[in-house]
Amino acid sequence: MIPVRCFTCGKTISTAYEEFKQRQSAGEDPKKILDDLGLTRYCCRRMLLTHNEIIDELNPYQ
Amino acid sequence: MEIQFASLDDAASRFTLSGASPAFANALRRAMIADVPTLAIEDVRIYDNTSALFDEMLAHRLGLIPITTDLTAYQSRDACSCNGAGCPACSVTFTLSAEGPKVVVSGDLIPQDPKAVPVHAAIPIVKLVKGQKLVLEAKAVVATGKEHAKWQPTLVCGYKNHPVITIGDTCDACGMCVDECPREILTVKGKKVAVAAGKLSECSLCRLCERACISTGIGEEPAIKVSAEPDRYIFVVESDGSLPVKEIIKRALKHIKGQSDELEHKIREISGDDKK
């Protein structure tokens with residue numbers, strides 16, 4: 001699962017992840033999406049850019 | 001001492017504090033971060049959890065959810081009459097029960113007090129697939145950032161000295177400093193370099209322009225000089241949404257005042273001078 005807040009500054013970034021994921025898979029430039037989502041600091045931007053979602057791989061095992 | 005706001009809304013603020021000592025500026029910063037209380041989930045009672053995340057992982061994620069706090073209705077746990085045991089005056093209970101398939105979000109938490117709700121309703125907590133279940137009860141308490149960062153009401157909270165840029169007569173408008181400045185605050189105006197209108201406060205005092213000026217072979221002294229005003233500060237404060245920025249600043253100032261009054265009182269007591 002995406003971390004609730006940015007590790008560095010504490011901004012709630014998890015709310016932006018769903019939209020980021022959708023728009024990125026639609027082929028949009030990540031820079032533009034992050035700017036639209038209001039993530040101005042590079043600490044918050046890396047949270048979304050470098051996240052790897054593995055909950056679906058874990059879900060078969062309780 | 002004077003505070004002048006450049007911008008102020010519930011989420012973020014930028015203001016200038018003038019006529020204050022460096023110690024006071026830092027005290028204000030520290031008070032805003034660590035001495036203003038907010039609500040955050042502290043105790044979680046888990047009745048059923050068959051999700052892919054461990055109980056402690058869930059509790060950690062719940063703890064980080066910012067909760068709208070009305071400080072007139074709640075008070076800090078240490079100052080509460082229940083002595084930190086947790087009563088309706090210093091804590092709120094949330095219940096959550098969900099069954100997969102669904103993504104459990106912060107909006108699924110049902111609060112006991114309709115005013116103390118998560119700031120964002122769309123924070124994902126855990127993804128459940130078919131057959132997985134989650135039932136829990138969470139207690140949010142009022143405490144300060146001193147104890148744990150989840151109680152900090154601020155995100156970005158910092159200050160810098162107000163910059164002063166002076167351009168001497170030796171400036172020949174070569175434009176080297178203009179190209180060097182990472183914040184693009186300098187421009188060439190006529191036969192001299194000048195600071196672009198309204199951009200002075202963006203200067204980070206990096207002094208790259210001074211170095212660029214010397215590298216042109218102007219001599220020992222650069223024509224452009226960057227210095228800091230010693231008693232004027234630019235503050236940037238951002239809130240996580242639990243409290244409006246204005247409230248954070250007010251509470252922090254009140255806290256500093258309370259502490260200094262207490263110190264004064266203690267000193268009077270020790271010295272035996274009870275005169276007021």
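Q24(A) is partly exposed, with a relative accessible area of 36%. The value comes from a predicted model. Q24(A) belongs to helix α1 of chain A, which covers residues 14-25. Setting aside neighbours within four places in sequence, Q24(A) touches P30(A) and I33(A). L49(A) lies 25 residues away from Q24(A) along the chain, and their C-alpha atoms are 10.0 Å apart.

Now turn to chain B. Four of its strands make an open sheet, ordered β1-β2-β12-β9, with antiparallel pairing. The edges are β1 (2-8) and β9 (154-167), and each of these pairs on one side only. From one strand to the next, the twist averages 30 degrees. Look at the pairing of β2 with β12. Strand β2 (residues 12-18) of chain B runs antiparallel to strand β12 (residues 224-239) of chain B, and seven bridges join them. Opposite A12(B) stands E238(B) in β12(B).

A helix packs on this sheet. It is α5 of chain B, residues 245-271, and it touches β1, β2, β9 and β12 of chain B. Its direction makes about 160 degrees with that of β1(B). How far does α5(B) reach from its first C-alpha to its last? The span is 39 Å for 27 residues, close to the 39 Å expected at 1.5 Å a residue. Which residues of α5(B) are buried? They are V245(B), I248(B), I249(B), A252(B) and I256(B). Their cover includes the strands β1, β2, β9 and β12 of chain B, along with helix α1 (22-34) of chain B. After α5(B) comes G272(B), with a positive phi near 75 degrees.

Aromatic rings come next. Over all chains, the count is four aromatic pairs. One pair is F5(B) with F15(B): it is tilted, with 5.3 Å centre to centre and 55 degrees between the planes. F5(B) sits in strand β1 of chain B and F15(B) in strand β2 of chain B, so the pair ties together parts that are ten residues apart in sequence. F5(B) is partly exposed, at a relative accessible area of 40%. F15(B) is buried, at 0%. Both residues belong to one aromatic cluster, together with Y159(B), Y233(B) and F235(B). Elsewhere in chain B, a charge meets a ring. K150(B) lies over the face of W151(B), 4.9 Å from the ring centre.

Chain B has another open sheet of four strands. Its order is β3-β8-β4-β6, and the pairing is antiparallel. At the edges stand β3 (38-49) and β6 (110-111) of chain B. Each has a single partner strand, so one side of each is left without a neighbour in the sheet. Strand β4 (residues 91-99) of chain B runs antiparallel to β6(B), and two bridges join them. There, F94(B) has P111(B) in β6(B) as its bridge partner. Helix α2 (residues 55-63) of chain B lies across β3 and β8 (133-143) of chain B. The helix runs at about 150 degrees to β3(B).

A cis peptide bond joins G100(B) to P101(B), with omega at about 0 degrees. Strand β5 (residues 102-105) of chain B then pairs with β7(B) in the antiparallel sense, over four bridges. V105(B) stands opposite P124(B) in β7(B). Why is strand β7 of chain B largely enclosed by the rest of the structure? Four of the five residues of this strand (residues 124-128) are buried, so the rest of the structure largely encloses it.

Two loops in chain B deserve a look at the backbone. E184(B) is in the loop between α3 (176-180) and β10 (186-189) of chain B. Its phi is near 55 degrees, a positive value in a residue other than glycine. E184(B) is exposed, with a relative accessible area of 58%. R207(B) is found in the loop between β11 (192-195) and α4 (208-215) of chain B. Phi of R207(B) is near 65 degrees, again a positive value in a residue other than glycine. R207(B) is partly exposed, with a relative accessible area of 37%.

Methods. Residues numbered from 1 in each chain as written. Chains lettered and ligands numbered in written order. Predicted model: local features only at pLDDT ≥ 70, side-chain atom pairs only at ≥ 80, totals over all residues. Heavy atoms only, no water. Pairing = 2+ DSSP bridges. Axes fitted to C-alpha atoms, helices over the stretch in contact; angles between N-to-C directions. Contact = heavy atoms within 4.5 Å. Buried < 20%, exposed > 50% of the residue type's maximum accessible area, 1.4 Å probe, protein only. Phe/Tyr/Trp six-rings, centres within 6.5 Å; stacked < 30°, edge-to-face > 60°. Lys NZ or Arg CZ within 6 Å of the ring centre and 35° of its normal. Expected span 1.5 Å × (residues − 1).
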